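This report covers charged residues, salt bridges and backbone geometry. The structure comes first, and the notes follow.

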Amino acid sequence: MPSENIVPGIPESEWPWYYIDPDACIDCGACMTECPFEAIFEESEVPDAYKMSAGQERVPHGEARYTAKGGEIVDLTPDIQYNYDYFSKGPGYDARP
């Protein structure tokens, strides 16, 4: 993803997600339109009942990666805290390239 505010989780084996740097983000929304997976939401609009499409992949924190059959409803709001924890508890800023 071409953004200075979106960083890959490192090491990927432990953090296989991308994170938005909360200190660098200016809430402009540019990343939402650039994300090919439509996986970025304004924090106040993160869905608690997101309907997954068939073939869509998901890696819930602490769980195994899976591919949706289609129609599954998932709560994405717990991921907000994981994003903040990545930068406040680690490895966050220490893992930046």
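Glu42 is partly exposed because its relative accessibility is 42%; buried means under 20% relative accessible area, exposed over 50%, and partly exposed in between (1.4 Å probe, protein chains only). Glu42 sits in the loop that runs between helix 1 (30–34) and strand 3 (50–51). Helices (H or I, at least four residues) and strands (E, at least two) are DSSP runs, numbered from the N terminus. The model is predicted: local features need pLDDT of at least 70, side-chain atom pairs count only at pLDDT 80 or more, and totals for chains, interfaces and linings use all residues. Residues are numbered from 1 along each chain as its sequence is written, and side-chain values use heavy atoms, with hydrogens and water left out.

On the surface, Glu42 belongs to a patch of negative charge together with Asp27, Glu43 and Glu45. A patch is made of residues with over 30% relative accessible area and no salt bridge, like charges being joined within 9 Å and nonpolar side chains (Val, Leu, Ile, Met, Phe, Trp, Tyr) within 5 Å. Lys and Arg count as positive and Asp and Glu as negative, while His and the chain ends are not counted. Each charge is placed at NZ of Lys, CZ of Arg, CG of Asp or CD of Glu. Accessible areas come from the Shrake-Rupley method with a 1.4 Å probe, and for residues only the protein chains shown count as cover.

## The loop between strand 2 and helix 1

Asp27 is found in the loop between strand 2 and helix 1. With a relative accessible area of 69%, Asp27 is exposed. The C-alpha atoms of Asp27 and Glu42 are separated by 7.6 Å, and the two residues are 15 apart along the chain.

Asp21 lies in the loop between strand 2 (18–20) and helix 1. Asp21 is buried, since its relative accessible area is 3%. Its side chain reaches the backbone nitrogen of Asp23 at 2.9 Å, a polar contact (a pair of N or O atoms within 3.5 Å; within protein, one must be able to donate a hydrogen and the other to accept it, and residues adjacent in sequence count only if both atoms are side-chain atoms).

## Salt bridges

There are 3 salt bridges in the structure, each a side-chain nitrogen of Lys or Arg within 4 Å of a carboxyl oxygen of Asp or Glu. Asp79 and Arg58 form a salt bridge with an N to O distance of 3.7 Å. This pair links distant parts of the chain, with Asp79 in helix 2 (residues 78–88) and Arg58 in strand 4 (residues 57–58), 21 residues apart. Asp79 is partly exposed at 24% relative accessible area, whereas Arg58 is buried at 15%.

In the salt bridge between Glu57 and Arg65, the closest N and O atoms are 3.6 Å apart. Glu57 is partly exposed at 48% relative accessibility, and Arg65 is partly exposed at 47%. Lys89 pairs with Asp85, the closest N and O atoms being 4.0 Å apart. Lys89 is exposed at 70%, but Asp85 is buried at 18%.

## Backbone geometry

The peptide bond from Ile10 to Pro11 is cis, with omega near -5°. Pro11 is in the loop between strand 1 (6–8) and strand 2. A cis peptide bond also joins Gly90 and Pro91, with omega about -5°, and Pro91 is in the loop between helix 2 and helix 3 (92–95).

Asp27 has a positive phi, near 55°, and is not a glycine. Glu38, another non-glycine residue, has a positive phi of about 50°. Glu38 lies in the loop between helix 1 and strand 3 and is exposed, with a relative accessible area of 62%.
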